[in-house]
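Good morning, everyone, and thank you for making time for this. I would like to walk you slowly through one structure, starting with a sheet and then turning to pairs of charged side chains.

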Amino acid sequence: MNLELSYAQSLDAADSLAGFREQFIIPEEHGQQQVYFLGNSLGLQPKNTGPYIQKVLDQWAKYGVESFFMGEDPWLNYHDHLVGPLAKIVGAHSAEVVVMNQLTVNLHLLMVSFYRPADKRVKIICEAKAFPSDQYMFETHIKALGYDPEDVLIEVSPRAGEVTIHQEDILAAIQQTGEELALVLWGGVNYYTGQLFDMEAITRAGHAVGAKVGFDLAHAAGNIELHLHVWNVDFACWCNYKYLNGGPGAIGAAFIHERYHQDKSLHRFAGWWGYEKNTRFKMEKGFVAMESAEGWQLSTPSPILYASLRASLEIFETAGFDSCLQKAKQMAAYLRFLLEQISEANPGKFHILTPAAATARGCQVSLLVKQGGKELFDELTRKGFFVDWREPDVIRLAPVPLYNRYEEIWRFAQVLGG
Ligand SMILES: Cc1ncc(COP(=O)(O)O)c(C=O)c1O
């Protein structure tokens, strides 16, 4: 790697995914395409999103409610278009993935099934400073079960003076809690630092003491390689509006390991959409769950939201998720290289919060800018870079493989180093 623009251009020229950028609407200002590095927040809109949604609207116009059963794409089966591509992205069997609700709702619903405090086994291990919605979910869910969150939650923190969490500290907390541990519910990639955790090791450690293990994959799905089934994860859920470009407020998704699909002992909150599909419309008394992750659905899903997600997933399918991951890694390594060079030339200008090791991060980089951080962020915004500002002093950005270019990373580095 080197610092020359020509090097970035040579990477773009060799990039087999470069053409996929054409399939997205890139924000423009005065006819100039902006540099969008916020795939970790809200992925860009595929050009196909509108037409896919329009098809649903047309079907609705033509067949009304019969669209669930009629037309080019009966809505009753629309879910089938989504689970295959998503299963590849999270490393699951199709039957283990369900597209439903939104992330925080799904966290609550899966807590119903996988957090069953009893006797001594009541504790939950989570990351300190988890995303606020997860914190509020824990607080209110634990209270609803009659427990005090202070007695139940064990938050694993970074060591004094550090910002990321040592993997061995998570494993030690699991071991120490032992038979008091009911659940580990962890973020696959931390939203603030971009730190990626070893989910397989966390799952193994949790299971070794008899606990259940689940993950919030908001910042992991579509960003990093996942093997939820093989890692033996009990459950996971994520939103589809970040790296998966499903649109603002996109319908969420969940993974439930197949070993639970026929487990009648598991509690769940049910609704008619999770009822056995062939007899659902007989409207009979007594809940009979579909024997797949779909059995966790409650309400009639929106085909409009399905269509919005499908438009993006089809791009991932065509591009191939392995190729996306490969480019994501190369982009992250290139960005890291440039940042380290700038940091060396300008000591103290910023500090990279995200771990250096490629195994401990995805696309996102978080920069701590102690002096003049907001001014730097404003300058980046003025110059056409979409990055994210976290008060009081952090800039986050995430170049993604489907619509970002290496040259954009190089240009970002020019502003940062300038
Ligand atoms: C890690 C994490 N968890 C939960 C949420 C909340 O997601 P939702 O608003 O879709 O429920 C977010 C949103 O960005 C998040 O980043």
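Please find Ile352 in this predicted model, and then look across to strand 12, where its bridge partner is Leu367.

If we now step back to the whole sheet, we find an open arrangement of four strands in the order 11-12-15-14, with antiparallel pairing. Which strands stand at the edges? They are strand 11 (351-352) and strand 14 (388-390), and because each has a single partner strand, one side of each is left without a neighbour in the sheet.

Let me turn to the charged side chains. In general, side chains of opposite charge can pair when their charged atoms come close. In this model the count comes to 20 salt bridges, and I will take a few of them in turn.

In one of them, the side chains of Asp15 and Lys327 meet at 2.6 Å, N to O. Asp15 sits in the loop between helix 1 (5-13) and strand 1 (28-29), while Lys327 sits in helix 10 (residues 321-345), so this pair ties together parts that are 312 residues apart in sequence. Are these two residues buried or exposed? Asp15 counts as buried at 14% relative accessibility, and Lys327 is buried too, with a relative accessible area of 6%.

A salt bridge also links the side chains of Glu317 and Lys88, at 3.1 Å from N to O. Since Glu317 lies in helix 9 (residues 303-319) and Lys88 in helix 3 (residues 80-90), the parts tied together here are 229 residues apart in sequence. Glu317 is partly exposed, with a relative accessible area of 36%, whereas Lys88 counts as exposed at 54%.

The next pair is Asp169 and Arg159, whose side chains meet in a salt bridge at 2.8 Å, N to O. Asp169 is in helix 7 (residues 167-177) and Arg159 is in the loop between strand 6 (153-156) and helix 7, so the parts joined are ten residues apart in sequence. Arg159 counts as partly exposed, at 35% relative accessibility.

Finally, please look at Asp73, Arg310 and Glu314, which are linked in a network of salt bridges.

Terms used: Residues numbered from 1 in each chain as written. Predicted model: local features only at pLDDT ≥ 70, side-chain atom pairs only at ≥ 80, totals over all residues. Heavy atoms only, no water. Pairing = 2+ DSSP bridges. Helix = DSSP H or I, 4+ residues; strand = E, 2+ residues; numbered from the N terminus. Salt bridge = Lys/Arg side-chain N within 4 Å of Asp/Glu carboxyl O. Buried < 20%, exposed > 50% of the residue type's maximum accessible area, 1.4 Å probe, protein only.
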